[in-house]
Amino acid sequence: MSSAPSPNNSPESRSRATAPINAATQSKAVHTHSNPSSEAASIHLIDNPSEWQRFSVCLSEVASASVSNPSHTANPNQDPDFNSNATSLLGNAPTPNAQNTPSTPKIWESQLAFEGMYCGGCAVLLEQTLAALAGVQQVQVNASSQRGKIVWQEGVSRPSDWFLAVEKMGYRALPARDFHLRKNQNQLSRNMLWRLGVAGFCMMQVMMYASPEYTSLFADISPDARQLLRWASWLISLPVLFFSCHPFFSTAWRALRRGQVVMDLPVSLGMLITFGVSMWGSFLAQGSAGHTVYFDSFTMFVFFLLAGRWLELRLREHSSAALSSLMNRMPDSVEVREPDGSYVVQSSQKLAIGDQIRILAGQSIPCDAIVLEGEAEVDESFLNGESTPVLKQAQSTVMAGSINTSGTLILAVQRLGNDTQFAKMLAMMEQAASDKPALVALLDRMARPFLLAELLLALTVGAYWWWQGNPEQAWMAMATVLIVTCPCALSLAAPSAFLAAASALAKQGVLIKKSAAIEALAEADTFFFDKTGTLTEPGLRLVQVHTAQDSAAEASAMTRLAQSLAANSAHPIALALHHADLTSAPLAAPESAPKKQTEQTEQTEQTKQTEQSELHKTHASPPPPGPWSRITEHPGLGLCAQQANGQHYRLGAASWMTEPSPGSAEAKTWVYQGPPPPWSSSIPSANTVSHLYCDGAWLASFRFSESLGAQTQRCIDVLGKNNCHILSGDTTQAVADIAGQIGLPTQQAHGALRPQDKLAILAQAQSKGQRVAMVGDGINDGPVLAQAHVSLAFGKALPLTQAQADFFIMGNRLFLVAASHQHARRTMRVIRQNLLWAAAYNVCMVPLAALGWINAWQAGLGMALSSLLVVANGLRLTRIQVQ
Amino acid sequence: MDILFLLIPLSVCLVFFILAGLYWAIQSGQFEDVQHEGERILYDDAPN
């Protein structure tokens, strides 16, 4: 990667980069309307071979050895990977056509990632759409991983064709830049599945051959038949030993070479001994009729352990896919000023320090730069407190990763790539992934004394029998002891529980990055919540209207007027007005002193409609206002417009109402008549207030506040009010407000925090010995989430945060935080039960085996049953009990 | 029970064939998107 993932200038990435809430179709409207050529130009950047070769592999060289049997139809059932295998099992590999002449165009296989696939039908639609394009030979779209493969002919098909075709259907395609990374991972998981399949299938076969041995206790079996069955069992166990056991042997061997003993070592030893003893008992022992063989126990044991490994691998793969998918984006483009003064679209990779670039409203800024001309509000949610747009003018600096929300800026590039603030922040958020939960690490530490004890015991037993003068019995007794002490239940105890819990949580919409996270969450005793977007619903709500007569009719009329004016803006206040319910228009009631409209609110966007909502009131009201003209939004101040009758209206901060824009049409009719009258209030509050003026005369004031999320109260109650804290960059007053609504003590509500303050508070709690969990949506919470013992990304979090956090809770059901916490605790209980059982089993069985009181087959059966019990106990966790 | 001497080796051979088939299925990506591939027969225009 040449640079850290810098956001690009496309609407989709804006919606990803901007935090909490609704998708950025507003910015899309602004962007595509104002700059269609830039978007189209950026698509065509992908036609450059150096770009598309990053996510493509050339097939024609690989496939040159296979049978030439051209097939032109788009056949989704045949995987290009397989087709490129020169020794195809079926002997009928459709290959790229015309392999004979050296001048034929090359065939490439590219991988794409898709967005907007919500159903299985989407995959089919995409396949058909892409297959219909010229030059495309095969398409295969995978609905679950949301990726697709295209086999195409260079020269006939162009990459930009695919992207445009997909966009026409309403989806979005991105080049899979993590192509090579995923290919390797994919191969790894396929291998694992293959091993598991072998183990499972052979296990079933071996058990079938072994069942007569069990029933032979009650009836007779001829020695020939018995020997035949043993041969068959041995033969079928061979693949399991040499192939499926490989992960365990290799881990154990690697650890041994480093001088460490992990739990895999006793496990591997057990496997080898079981197999060896069984083989010896089948063929090599004198009078082998009397010996018991354990092929069935062996294969079952391998299967269960491998299943645990495979599921764990899938879990890790799932979460790493989220992170690697961030690498997928269209080539970044930006408008650069040419020496002759015109602007031309170029790839962001080619920027140089000192270049002048133009950023339009809705686009994101690709580098650290200084403003030369223009004025706009810029959303710096990555870097400062809550996502308040900041006004930028000439000589102010802007950061890479921030988004221009209004206005055009001409910038001079200062820092690029890894030097930008954004890149540094990303680097700060990288954390070393430690895979093993503490419990499993404990088991590994226990492995060494366990192993030594096991070997010692076996030798003792063997020595005893040898001394008794019965060498054969000595070997068998030693073997039995080793088999009995094989820590199968112990090894299955934790993984089975973690995986069952992970699957249960996933069904509820909670994704886990690694098993250790479950353990960390179970131990968490202090919860820090971000305020906006986590505890509260994103956006503002209109709570009160103050008019001259304070009547319901006037309030609703004024609200409608303000609504129609605000329909032209995407500001959070405008959106709150848009959503205001006119039937229950709140009247002015004793409340706060008016506050100036400040940048305390979040940036939200939504699809704009110019028509206003219908009024449902029955009593008479003035007719709705007509269309607005000369609509101007002044960043930081408000919105002004003109009605058909020549009246000028302004909606915004009280301070802005005093002076009309000099020289504008407004100035002619605007006569400022004084500040808005105070609310008949007594209780100060942090709510945002906006005022409506007409030609200088005050009409109405509107008060907005945040509303608590639906599940917030329940979640906090379940977690315990004393354990929950609020961390927020919003004002202390606003935070105290919310804390009061939930019922948290005020010392647990921290407001007006910068990111480094949040970190300090967290670190302080941790130093006091508390296990800290942080719940946030990731905007500017990144380093804080990394600092906590366990982090939960909530709601519409940034993709990067989603990938980095331990838990990702989809949707906005905050109660899942509490539910996950309880489930994690339950999981740890189950694991402890499992470990207790496994340990008890081993401890009891070992003396019995040593003294010869249990038969060998009983030992084998016991091993299998003990494993099954542990797994079944773990399966109890697949259901979440929600209080 | 002499027939066992034919049947059991035969079944062992069969096991190896089946494992080969399993190998092919895994390597050609049959197990990667189980739900989608299963639904494929229900789609109207998809070429089979």
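## A friendly note on a two-chain predicted model

1. Let us start with one residue. Setting aside neighbours within four places in sequence, Glu454(A) is in contact with Pro266(A), Leu482(A) and Thr485(A); contact here means heavy atoms within 4.5 Å. Glu454(A) sits in helix 14 (residues 438–467) of chain A. Glu454(A) is buried, with a relative accessible area of 3%. For that word the cut-offs are under 20% relative accessible area for buried, over 50% for exposed, and partly exposed in between, using a 1.4 Å probe and protein chains only.

2. A word on how to read the rest. This is a predicted model, in which local features need pLDDT of at least 70 and side-chain atom pairs count only at pLDDT 80 or more, while totals for chains, interfaces and linings use all residues. Residues are numbered from 1 along each chain as its sequence is written, chains are lettered from A and ligands numbered from 1 in the order in which they are written, and side-chain values use heavy atoms, with hydrogens and water left out.

3. Now the overall picture of chain A. Chain A holds 28 helices and 27 strands; these are DSSP runs numbered from the N terminus, with helices being H or I of at least four residues and strands E of at least two. Of its 883 residues, 56% count as buried. Among contacts in chain A between residues at least 6 apart in sequence, 72% join residues at least 24 apart.

4. What does the secondary structure of chain B come to? Chain B has two helices and zero strands. Of its 48 residues, 29% count as buried. The accessible surface of chain B is about 3,300 Å², and 70% of it belongs to carbon and sulfur atoms.

5. Back in chain A, have a look at two helices. Helix 9 (residues 223–244) and helix 10 (residues 246–257) of chain A pack at an angle of about 40 degrees, with their axes 6 Å apart. Axes are lines fitted to C-alpha atoms, for helices over the stretch in contact, and angles run from 0 to 180 degrees between N-to-C directions. Helix 9 and helix 10 of chain A are therefore oblique to each other: under 35 degrees counts as roughly parallel, over 145 as roughly antiparallel, 65 to 115 as roughly perpendicular, and the rest as oblique. On the helix 9 side the contact is made by Leu241(A), Phe242(A), Phe243(A) and Ser244(A), and on the helix 10 side by His246(A), Pro247(A), Phe248(A) and Phe249(A).

6. Phe248(A) comes up again with another residue. Leaving aside neighbours within four places in sequence, Asp264(A) is in contact with Phe248(A), Thr251(A), Ala252(A) and Arg309(A). Is Asp264(A) buried or exposed? Asp264(A) is buried, with a relative accessible area of 10%. Asp264(A) belongs to helix 11 (residues 264–284) of chain A. Asp264(A) and Ser250(A) are 14 residues apart in sequence and 9.2 Å apart in space, C-alpha to C-alpha.

7. Next, a sheet to trace by eye. Six strands of chain A form an open sheet in the order 7-6-8-14-9-12, with antiparallel pairing; two strands pair if DSSP finds at least two bridges between them. Strand 7 (343–347) and strand 12 (397–398) of chain A are the edge strands, each pairing on one side only. Strand 9 (residues 368–374) and strand 14 (residues 409–415) of chain A pair over six bridges in the antiparallel sense, and Glu373(A) stands opposite Ile410(A) in strand 14 of chain A.

8. Four of the five residues of strand 6 (residues 333–337) of chain A are buried, so it is largely enclosed by the rest of the structure. Strand 6 and strand 7 of chain A pair over five antiparallel bridges, with Glu335(A) opposite Val345(A) in strand 7. Their hairpin has five residues between the strands, and there Gly341(A) takes a positive phi near 100 degrees. Strand 6 also pairs with strand 8 (residues 356–359) of chain A, over two antiparallel bridges.

Note on methods: Accessible areas come from the Shrake-Rupley method with a 1.4 Å probe; for residues, only the protein chains shown count as cover.
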